[in-house]
Amino acid sequence: MRRLLSDQQADAVILRHRLGLGIRDIAQIMGVSQPVIISQLRRARNALQHRAIGR
């Protein structure tokens, strides 16, 4: 099966939704800006939603 999320998207999702970290903390951990994290989470959500609809 093809991977749905990039490594960065998957990391952001885990940190946000499994560990409950805030955007600022995730950005610091991953070494990127907050807008990048927001974008990665949005892209991950879209990819997962499209996957769910396509089933």
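1. Read from the N terminus, the order of elements is α-α-α.

2. A word on what you are looking at: this is a predicted model, in which local features need pLDDT of at least 70 and side-chain atom pairs count only at pLDDT 80 or more, while totals for chains, interfaces and linings use all residues. Residues are numbered from 1 along each chain as its sequence is written, and side-chain values use heavy atoms, with hydrogens and water left out.

3. For overall dimensions, the C-alpha trace spans about 35 × 20 × 15 Å along its principal axes. The accessible surface is about 4,200 Å² (Shrake-Rupley method, 1.4 Å probe; for residues, only the protein chains shown count as cover), and carbon and sulfur atoms contribute 51% of that surface.

4. Of the 55 residues, 20% count as buried, meaning under 20% relative accessible area, with exposed being over 50% and partly exposed in between (1.4 Å probe, protein chains only). Among contacts (heavy atoms within 4.5 Å) with a separation of 6 or more, 46% join residues 24 or more positions apart.

5. Do have a look at helix α2, residues 23-30, where I23, I26 and A27 are buried. Viewed down the axis of α2, these buried residues fall within an arc of 100°, so they line one face of the helix; the arc is taken from the directions from the helix axis to the C-beta atoms. R24, Q28 and I29, on the other side of α2, are exposed.

6. Just after α2 comes G31, with a positive phi of about 70°.

Terms used. Helix = DSSP H or I, 4+ residues; strand = E, 2+ residues; numbered from the N terminus.
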